[in-house]
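Morning, everyone. Please have a look at the screen, and then I'll take you through it.

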Amino acid sequence: MLLSLSWLREFTPYEGTVEELGDRLTMLGLELEDIVHPFEAIRSIVVGHVVACQAHPQSDHLHLCKVDAGQEALLDIVCGAPNVAEGQKVAVALVGTVMPDGMVIKKAKLRGAPSLGMICSERELGLSEDHSGIMVLPDTFVPGKPLVQQLALDLDVLDISVTPNRADCLSVLGLARETALAFHLPLTIPERPLLVDEHGPESVLPIDIQAPECCWLYAGRVVSGVKIGPSPMHIRHRLRAVGVRPISNIVDVTNYILFEAGQPLHSFDLDKLEGRRIGVRLARSGETFTTLDGQQRILSQDDLCICDGSRPVALAGVMGGLNTEISEASVNVFLESAVFKPATIRRTSRRLGLSSEASYRFERGIDQNRSVWALDRACAMMAALSGGKVLRGLSFCEPKPFVPCRIAFQSSHVDALLGVTIAQDFAQETLQGLGCSVQKDETSWLVTQPSWRPDLTREADLIEEVGRLHGLDTIAPKLPAVAQNLDRASEPESRFAFWSRIKRWAAGLGLNEAINYSFVGHKDLERLGLPQEGRISILNPLSSEQDVLRTALAPGLLQTLRNNLAQGVQGLRIFELANIFEADASSETTARETGMFGLLLYGNRYDGGWPHLAVDVDYADLKGIVEHLLHFLHLQAPTCTLDKEHPFLQPCVRLVLENQELGVMGRVKPDMADAWLARKDVWLAELNLEVLRTLHDAATVGFSPLPVYPPVRRDITVMAGSGLRVADIETHIRALDMPLLEHVTLVDCFTPETETEAVRNLTFRLTFRHGERTLKDAEVDKLREKIANSLVQALPVKI
Amino acid sequence: MDLIAALDSLVPELEKGLEQAHTLDALEGLRVDMLGRKGRIARIMAALPTLEPSERPQVGQKANSVKERCNALFDARKAELEREQEEIALRLFDPTAPGRAPWRGTLHPDTLVTEEICRIFQGLGFTVASGPEVEIDHYNFEALNIPPEHPARDMQDTLYITESVLMRTHTSPVQVRTMLAAKPPLAVVAPGKVYRRDSDLTHTPMFHQIEGLMVGYGISMAHLRGTLTAFVRAVFGLGTKVRFRPSFFPFTEPSAEVDISCCICGGQGHVDGQPCRVCKTTGWVEILGCGMVDPAVYAAVGYPEDVSGFAFGMGVERVAMLKYGIGDLRMFFENDVRFLGQFAG
C-alpha cells in the first residue's frame, strides 16, 4: 500500500518526519518496505513567469521568451511550443537541470538566439503524456519557487507492507486511524458533503440480488449530465504518486475514493445499462464476458456477475465490462459501491489470473458500514469535477448487514498470554482507540468489533491488539521450564539424529555433502531409463526441469557432477542424504518418502598431487566406502550380487543383508553419463536409509575376549578362471567349517599377462588360531593342505 | 706364537679398512670378513688344535680381546657412519614438501546451521521431530487456520501434486502432526525441506526451515521472547540485539517477526560510509516469524482450550547467509565444491 504523507495529513495532523512515521508503523505491524519520492526527478524545476514572448525571426514556430524565474535578471529562453504566451506562469528547467529522462539542460543557441533553460511540457516533467504544448500553471504561482512545492505534490510516499488480516489499512483512512492512535492525535476526516439535486428527477435502479450469500451489499447512485475530461492537476498527480494512472474525471474519482476510503467503486455508463436495472447473479458455466481490458473471459458458475436487464456488465469485485465502460461520450453515470463475499472474489480473481486494486480489497474485507458513505463521497467529488448533478434516490439492497461480534474479554487473559502485567485502563483505552466499544462487567468485558476490523472476532484477536499497542518488544524475556515426558525419553534415536550421524561419518571420511532439489525433470528420469510408473508429477511446475519428484538420488548427484565439471574439477566425492518419492495409494499423502544415502565418485582418487598417485577412483573405492558405512553402523558385510537389469548402472551390484535390500552400487552406464558431460567412469551408490536404520537399531554390540595364544598364518594362491568370484572361494573355504580357521583375507590379486584367457592369481591369507594353546607348524600345514585339496576338487581352480 | 702375532696384526689392518668403509654395507662386508663364521679370526683360530694344550688359553684370550677390540671398532665406525647418514638425511629433509593429505570432507552449510540450531533448542529441552515433504492441504493449510480462499495463501505460492496434495510450503504441518500424536505439554523443533513456487535472485523453489513448537500450561509471550532471545544470542553472539515486531500469521495470535541487529554492519546501517546491502540501512535484519499458537489450531487438533504455547519458524539458508556472509542464495543448491569446501565439518 502506497501512502502519501500529505494525503495522510488531511486525515490526522501528524507533523513528524516520514522516517519516524515509518518506524512507528513498522513496530505496530505495518512494515515499512520503502520510502519513495515520486517527484524527486523534478525537484529542481522552478516556476517561471513569461514576461515577454515574440516570434523567432529565423523560425516559423520558435518563440523568444523573456522569463522571470526568480533570478535577478530575466532569462532568455527559446520555446517551440505553440501555446506559449506572454503573461503565463510556466515550469522552467534552468541550465544544469537533469530532466527525468536524463537529458541535461545546457546553454544553447537556437537559430542564432541564446536559450538559458527550457519551458517544460507535462510529458517532459513526467507528469502526464501531454506533449501538445507547455504546461501552463495557475496565475497564483510564485516565480522562482520550486514547482513541486507550488503544485503541492505528494513528495513523500511510504510503501507499507499490509498483512492479509489488516484489510482496513489498505486506505488512507485506515492508516490515519493507526497513526492517530499511535501518536495520540485526533482523526479528522475531511468533509465531502453530498449535494443532491433536490429539484431534479429521482433515479433509483431496481437491484435484484440472486446470490445473496455472495453479495452482502449493493448500492448505487446516478450522476447525471457529466462532462468527461481530465481530472484537475492535483487529483492526477496524487494518483500518479500512489501508482495509479489517471484516466478521466469519472474513473479517477473511483480510484481516488478507493485509496482514500478503501471502498472499491465502479462507474457504469448509465445509458448503456439495458433496462436500467441491476442484477447480481452467479455466472453460467461457459458464459463469456469481455472485461474492460478487452480480454474475453470464459466464466464458471463460481464467478459472480453484475448484470443489467439482459447481460453481464461487470465481473463483480474484479473488473468492469467493456460494454458499459465510461467513454468520452458518456453523460450519465451509475456509480456502484458494493460488498462481496471475499472468497468468491478471490476464487474468480485467482482463476482468471486477474488481480485488481478492487479485488485485492474485496478479498480481504470491506467496511460495510461505510460503503454508502464512500459512495456519497465519490458522488460529491464526481459532480464537482465533471459538472454533473447527483440525482435523488439511493439504489440500495443489503442482503447481509454487518453484525459486529461481541467478544467476552478478560484483562487477566491478556497478562497470562503475554506474560506481562498490563493496566486495565491501558487495555480499555487501546480497544476503544481501535474503535471497539467496551461494556464493562464485574469479571469480564463485552467488547464490540468495529465494522472496519473483520479480523477482530475473538478474545485472542483483542489480546493481540493490546499487545501490539503495548509493544511486544517491551515484554521481559523469560525462559520456560520444559516439562519432559518419561515415556518419550527412552524412544530410539530419531531419524534426524541417525541422518546427522551418517553425515558426520561421511564428512569425516572425506566426502562432500551436496543438497539437490527434490524435483527433477521427467526427461532426467527418462535419460536414466527409470520407470514411468510410480512417479509423482508436479501439477504446476516452474519449468520442465523441475516437473517431477525424484525417484532416485542419481539425477541430482549427476547434476552436481555436471556443475562441478563445468568448473574444471578433476575428481569428485559427493554424498547426499535425502528423500526419494514414489506414488503410494496407501499413504495418507499419496506419496512414499524413502530416505536414501547417495554417493558419487568420479575422476582423480586424490585431491592433491605428489606424493599421492595420480589414479582414478574405481569400484574398490566405492565398495570400500559402502562397507565402511555398514561397519560404522555395526552391520555385517552384505551379500553382493550382479544385477544385469538395472536401468542405469553397469556393472550394478545389489546389496542384501538379512534378506533386506540395502541398495545398489556400480558404474553409471557411460552413454548415459555422457548427458552430464562425464568423460570418465562415474561410480555411484544409493542405499536405503530406512532399512539401514532398522537394521542398525536391531544390531547389538557384544564383547569378545582378546585371544591369548598367537595366530599362525599361511598363504594360499589360487589360480581362478574367469567367472569365478572371490566370494565363491572364500565361501567354499568357510564352508569347510574349520574351527581353528579364524580369518580368510584376500591379500593379492594378479592377472599374469601371459595367460590367454583371463586367469587371476588370488592369494588368500589364512589365519589359524587355537583358543587354548599355541598351534604347531605341522598341524597348520595339514589344514592348509586340506583347504587346497578341497578347492581343487570343488572349484575350477589350480593351486 | 705366530697365531698371536697373526691376531695382533688384524687390528691395525681393520683400522685401515674401516677408514675406507663409507657405507654400512661396506662395513658389514668387513665385519663378516673379520668376525664371520668363516672370517679371518675364525680361520686363524682353526689352527688352535695344532697348538700345545698349554698354549691354547693364551691364544684363546688373545683371540677374545682382538674380537672385543674389533667389535668396539666396528661399533664406533658404525655409529659414526649412521650419524653421517642422519646428517645427510637431515640436510635432504624438506619440511615444506606437501603432506599425503587424507580426503577432506565437508558438510553442507544448511546441515551445519540446522544441526547447530537443533542443538541449541535441544539444550533448552526441545526434541527433534520430522514430517513428510509431500503433504495434504489439510495439514499444510486448513488445520493451521488457512482455509481455502484465505488471502494468506498468497503469502506462499504452492507447488501442487493434486488439488488436495502439495509440496509443504513450510515446516508448520509438523506442528499439527506433532499435536495430533501427543498430548501437551510438549516442545519440538522440526527441521526440513520446504517448497514454494518461486524462483529468482532471492528465492529458490526448495529451501530449508526449522519449526519450533512449545505447548503446555501457562506458556506466554514472555517465554517465547526468552527462548528466541537465547537462541539468537547462541547463534549470533551475546551482543546481538533482538527486536519483536508485530506481524501476522494465520496460525499464531499474537504474531511477530523477529529482527536482529544486522551482523554485517553491526546495526549501524552503514559499512565504511556505504549503505549496508544486507539491512538496507535499517540496522535490522529479519530472522524469523513467531507467535502464540492460535486457538483455531488447538481446535483443529482437539486440544483443550486452557493450553497455551508458542510456535516459530525460520529459514535455514537465511540464517546461514547471515552467519557466513553468503550473498547468493542460489549457491546453496549448485553444490560447487569451491562453495561446499568453505564450511568444513
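Let me start with a question: at roughly what angle do the axes of helix α1 and helix α4 of chain B cross, and within what distance do they come? Keep in mind that this is a predicted model.

Here is how we talk about such a pair. Two packed helices are described by the angle between their axes and the distance between the axes. For α1 of chain B, residues 2-20, and α4 of chain B, residues 56-92, the axes cross at roughly 5°. They come within 9 Å. Angles under 35 degrees count as roughly parallel. α1(B) and α4(B) are therefore roughly parallel to each other.

Which residues meet there? From α1(B), they include L3(B), L7(B), L10(B) and L14(B). From α4(B), they include V59(B), V66(B) and L73(B). The contact of the two helices divides into 12 nonpolar residues, no polar ones and four charged ones. E15(B) in α1(B) and R69(B) in α4(B) are also among the residues of this contact.

Now step back to the whole of chain B. The domain assignment gives domain 1, residues 2-92, and domain 2, residues 109-343. The centres of these two domains of chain B are 85 Å apart, taken over C-alpha atoms.

Next, the two chains together. How many residues of chain B are in contact with chain A? The count is 76 residues of chain B, against 80 residues of chain A. On the chain B side, helix α8, residues 221-236, gives the most, with eight residues. That side of chain B divides into 39 nonpolar, 19 polar and 18 charged residues.

Over to chain A. It has a helix α8 too, at residues 357-364. Is it mostly covered or mostly open? Mostly covered: seven of its eight residues are buried. Among them are Y360(A), F362(A) and R364(A). The cover includes α6, β21 and α7 of chain A. After α8(A) comes G365(A), with a positive phi near 115°.

Last stop, a sheet in chain A. Strands of a sheet pair through backbone hydrogen bonds, either parallel or antiparallel. This one is an open sheet of five strands, in the order β12-β15-β18-β19-β20, with mixed pairing. Which strands sit at the edges? β12 and β20 of chain A, each pairing on one side only. β12(A) pairs with β15(A) in the parallel sense, over three bridges. There, I209(A) stands opposite V280(A) in β15(A).

Conventions: Residues are numbered from 1 along each chain as its sequence is written. Chains are lettered from A and ligands numbered from 1 in the order in which they are written. This is a predicted model: local features need pLDDT of at least 70, side-chain atom pairs count only at pLDDT 80 or more; totals for chains, interfaces and linings use all residues. Two residues are in contact if their C-beta atoms, placed from the backbone, lie within 7 Å. Helices (H or I, at least four residues) and strands (E, at least two) are DSSP runs, numbered from the N terminus. Ala, Val, Leu, Ile, Met, Phe, Trp, Tyr, Cys and Pro count as nonpolar, Asp, Glu, Lys and Arg as charged, and the others, Gly among them, as polar. Domain bounds come from an automatic or database domain assignment. Axes are lines fitted to C-alpha atoms, for helices over the stretch in contact, and angles run from 0 to 180 degrees between N-to-C directions. Angles under 35 degrees count as roughly parallel, over 145 as roughly antiparallel, 65 to 115 as roughly perpendicular and the rest as oblique. A residue is buried if 20 or more other C-beta atoms lie within 10 Å of its own, exposed if 12 or fewer, and partly exposed in between; C-beta atoms are placed from the backbone. Two strands pair if DSSP finds at least two bridges between them.
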